[in-house]
Amino acid sequence: MGVAVAPDTLNELHEARWWETLPDGRLHCYLCPRHCHIGEGLTGFCFIRKNIGGRLYNLGYAQPAAIQIDPIEKKPLNHFMPGTRIFSMGTAGCNMGCFFCQNWDISKSKADQTHSVHLDPAEVVLAAIEYRCPSLAFTYNEPTIWGEYVIDISKVAHQVGLKTVMVTNGYITREALFEVYEHIDAANVDLKAFTEKFYSKITLTHLQPVLDTLKTLRHETNVWFEITNLMIPTLNDAVEETKELCGWILENLGDDVPLHFTAFHPDFKLRDKPNTPPETLHRARAVALEMGLKFVYEGNIYSDGGNTICPGCKRILVKRWWHKVSDVRINEEGRCEYCGAQIPGYFKKPILPSMDEAIRLASGVRV
Ligand code: SF4
């Protein structure tokens with residue numbers, strides 16, 4: 001990987017969407033369920049949406065603070081172009097306050113506290129082409145808070161034939177959701193726990209809006225999505241909670257939404273909990289499969305729980321070891337090569353344009 005991230009002075013302000021002026025002169029941002037009321041010269045909770053002169057600006061626009069080429073399995077997405085590389089980027093700030101954040105160096109930083117580089121939407125997409133990535137991920141911090149940039153990058157990405165992915169906490173209002181996800185092909189949504197107590201005390205947010213996002217994505221959009229549940233010892237790893245979480249998924253989303261149980265490591269403000277033992281993930285996966293979920297994975301550990309198993313013939317369709325894919329037995333129509341069972345997701349082989357063609361296509365997009 002080789003896209004350099006360095007300080008830059010080209011920091012043009014980009015006016016935000018999803019705000020209105022309140023009678024007292026403050027600005028109401030309704031991009032996420034925090035509904036911040038922001039006074040002159042101040043930012044919202046996420047640090048990157050700022051009231052300057054009575055208008056709201058997105059300080060994260062065109063200012064990525066982290067860029068990397070990742071395997072798509074790291075997002076994690078196991079049913080979306082498995083085995084491919086994904087151009088991944090994030091900015092400063094976040095709309096949640098998770099004590100266990102594993103990217104806290106950028107998510108808890110203000111826009112001027114990170115080393116960012118100016119990259120306009122077309123430059124992002126051309127960098128992805130340069131590194132032969134068929135998709136882009138908006139990730140590392142919460143991409144909802146830089147939704148304006150997400151939309152503009154995605155417009156260019158689609159014009160040149162790349163797919164777009166949100167790796168998100170799902171904390172977004174219904175109004176903004178449709179405008180952002182209209183431009184998104186796939187998502188991984190964190191369902192960080194299944195209790196309001198965890199959400200309110202450990203993430204400083206609420207559970208219900210995340211559940212609402214999951215239902216909306218499933219029933220009112222065409223976005224492919226998978227769910228991640230990071231299991232933290234003693235905080236959200238009780239078997240009863242896992243059963244409730246799986247029961248809600250089955251009842252509200254169906255049995256074919258992939259669910260990833262992933263291992264926690266101590267970080268940021270949550271250093272008094274141990275790493276998640278592999279046995280916890282094995283047990284959670286067994287519970288979920290027993291209850292009827294068809295695609296259940298273990299992540300952040302070395303285990304056979306990363307393989308995709310055909311629900312029809314029970315053979316291994318995608319063989320994984322951590323994020324490494326060594327075999328894929330699903331055809332481009334999403335069918336098991338052994339028994340023909342339909343596997344949900346997107347499995348077409350990516351076709352990337354040449355750089356010259358990408359430049360030509362990208363130049364025709366208005367953002
Ligand atoms: S996106 Fe940021 S400013 Fe807007 S409501 Fe959420 S936390 Fe507040």
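Residues are classed here by relative accessible area: buried means under 20%, exposed means over 50%, and partly exposed lies in between, with a 1.4 Å probe and protein chains only. At 62% relative accessibility, threonine 234 therefore counts as exposed. The model is predicted; local features need pLDDT of at least 70, side-chain atom pairs count only at pLDDT 80 or more, and totals for chains, interfaces and linings use all residues. Numbering runs from 1 along each chain as its sequence is written, and side-chain values use heavy atoms, without hydrogens and water.

Backbone geometry was examined next. Helices (H or I, at least four residues) and strands (E, at least two) are DSSP runs, numbered from the N terminus. Most residues other than glycine have a negative phi, and most peptide bonds are trans. Threonine 234 has a positive phi, near 75°. Its place is the loop between β12 (224-231) and α7. Lysine 314 also has a positive phi, near 70°. Lysine 314 lies in the loop between β15 (308-309) and β16 (316-321). With a relative accessible area of 59%, lysine 314 is exposed. The peptide bond from lysine 75 to proline 76 is cis, and omega is near -10°. Proline 76 belongs to the loop between β7 (66-71) and β8 (85-90).

Strand pairing requires that DSSP finds at least two bridges between two strands. Strand β6 (residues 55-58) pairs with β1 (residues 14-15) in the antiparallel sense, over 2 bridges. In that pairing, glutamate 15 stands opposite tyrosine 57. Strand β5 (residues 49-52) also pairs with β6 in the antiparallel sense, over 4 bridges. Isoleucine 52 has arginine 55 as its bridge partner in β6. Strands β5 and β6 form a hairpin with 2 residues between them, and glycine 53 in the turn has a positive phi of about 65°.

Aromatic contacts followed. A pair of aromatic rings is described by the distance of the centres and the angle of the planes. Rings of Phe, Tyr and Trp (its six-membered ring) pair if their centres lie within 6.5 Å; planes under 30 degrees apart count as stacked, over 60 as edge-to-face, and the rest as tilted. The whole structure holds 9 aromatic pairs. The rings of phenylalanine 138 and tryptophan 146 have centres 5.8 Å apart and planes at 90°, so this pair is edge-to-face. Both residues, phenylalanine 138 and tryptophan 146, are buried. Phenylalanine 194 and tryptophan 248 form a tilted pair, 6.4 Å centre to centre with 50° between the planes. This pair links distant parts of the chain, 54 residues apart: phenylalanine 194 is in the loop between β11 (186-190) and α5 (196-203), and tryptophan 248 is in helix α7 (residues 239-252). Phenylalanine 194 and tryptophan 248 are both buried. One aromatic cluster is formed by Tyr61, Phe138, Trp146 and Tyr149.

Charges over rings were also assigned. The criterion is NZ of Lys or CZ of Arg within 6 Å of the ring centre and within 35 degrees of the ring normal. The charged end of arginine 34 sits over the ring of phenylalanine 45, 3.6 Å from its centre. Likewise, arginine 315 places its charged end over the ring of tyrosine 338, 3.7 Å from the centre.

Leucine 207 lies in the loop between α5 and α6 (208-220). Leucine 207 is buried, at 9% relative accessible area. Leucine 207 and alanine 193 are 14 residues apart in sequence and 8.1 Å apart in space, C-alpha to C-alpha.
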